[in-house]
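Me: Got a model open here and want to go through its packing and charges. Can you take my questions one by one?
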Amino acid sequence: MNPTSTEAASPKPIPRDLARILGDCRDIAIHRLLLSFTALLDRVGDMLMDRASRTDVREEQTACLVAREALQTGTSGQLAEFGRRLRTQVDDRIAGRVTPRTEFAKLESDKLTLVDTHSMDEAVVTGNITRVVENLCHEELQLLNRGVGHLLGQPDLETARNPFAPAAIIDAFADSLQAVKAGAGVKFAILKEVNR
């Protein structure tokens, strides 16, 4: 398997004063996102309860109630995990350590395996949430890309490589849902409500 890397061959070091500014931006962004996601998770809990009360399908009702209960009991741990994962993702992206993407055309067919449906469903939902946010904030993202690109010494920085891009935030949030100790369906139910 030969994945191609999306990172530059050798990123030049960021000057100390610009690195400090990027670190401050990271800390402010994480603080504000934690506040926003606290309110978001409260709203998702309400939406899950509402969905459970409106459905006649017993399995869907149970799934919504279990997801709500898991969310209520695991919110503090999940938010702490979200902050930790987001900090790591932003730091890695600032340092130029971007996860390599696999070129599926170059893979040997006997090395391919099926993924479970929960993983696939979660990937579709997180991709959709990312696209919606990027579309809603397109103009703001262009300005953000320009500013962060200046700090990184990459004047043509694209959204996909921006350390503060919606993809980094949504991926950190989705990964942090592992802190909510429950079945795979719970994580998907929460992401589905965030998507709505």
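Me: Which element gives the largest share of the lining of the largest cavity?
Reply: Helix 1, with four residues. Helices here are DSSP runs (H or I, at least four residues), numbered from the N terminus. This is a predicted model: local features need pLDDT of at least 70, side-chain atom pairs count only at pLDDT 80 or more, and totals for chains, interfaces and linings use all residues. Residues are numbered from 1 along each chain as its sequence is written, and side-chain values use heavy atoms, with hydrogens and water left out.

Me: How much space lies in that largest cavity?
Reply: About 40 Å³. A cavity is a set of points on a 1 Å grid over the protein atoms alone where a 1.4 Å probe fits but cannot get out; lining residues have an atom within 4 Å of a point. The volume is the space filled by probe spheres set on the points, which are joined across faces, edges and corners.

Me: Which residues line the largest cavity?
Reply: Arg26, Ala29, Ile30, Leu33, Leu86, Val90, Phe164 and Ile169. Helix 1 (16-54) and helix 2 (58-94) are the elements that give two or more residues to this lining.

Me: Switching to salt bridges. What does Arg26 pair with?
Reply: Asp91, at 2.6 Å, N to O. A salt bridge puts a side-chain nitrogen of Lys or Arg within 4 Å of a carboxyl oxygen of Asp or Glu. Arg26 is in helix 1 and Asp91 in helix 2, so the bridge ties together parts 65 residues apart in sequence.

Me: Is Arg26 buried or exposed?
Reply: Buried, at 14% relative accessibility. Asp91 is partly exposed at 28%. The cut-offs are under 20% relative accessible area for buried, over 50% for exposed, and partly exposed in between (1.4 Å probe, protein chains only).

Me: How many salt bridges does the structure hold?
Reply: Eleven. One of them joins Asp50 and Arg54 at 3.0 Å, N to O. Those two are four residues apart in helix 1, about one helical turn. Arg54 is exposed, at 56%.

Me: Now the largest nonpolar core. Which members touch the most others?
Reply: Leu22, Phe37, Leu48, Phe82, Leu86, Phe173 and Ile190, out of 37 residues. Such a core is a set of buried Ala, Val, Leu, Ile, Met, Phe, Trp, Tyr and Cys residues joined through side-chain atoms within 4.5 Å. Helix 2 gives the most to this core, nine residues.

Me: What is Phe37 in contact with, leaving aside neighbours within four places in sequence?
Reply: Leu79, Phe82, Ile169 and Phe173. Contact means heavy atoms within 4.5 Å.

Terms used
1 Å grid on protein atoms, 1.4 Å probe; cavity = no way out; pocket = protein on both sides within 12 Å on 5 of 7 lines; lining within 4 Å.
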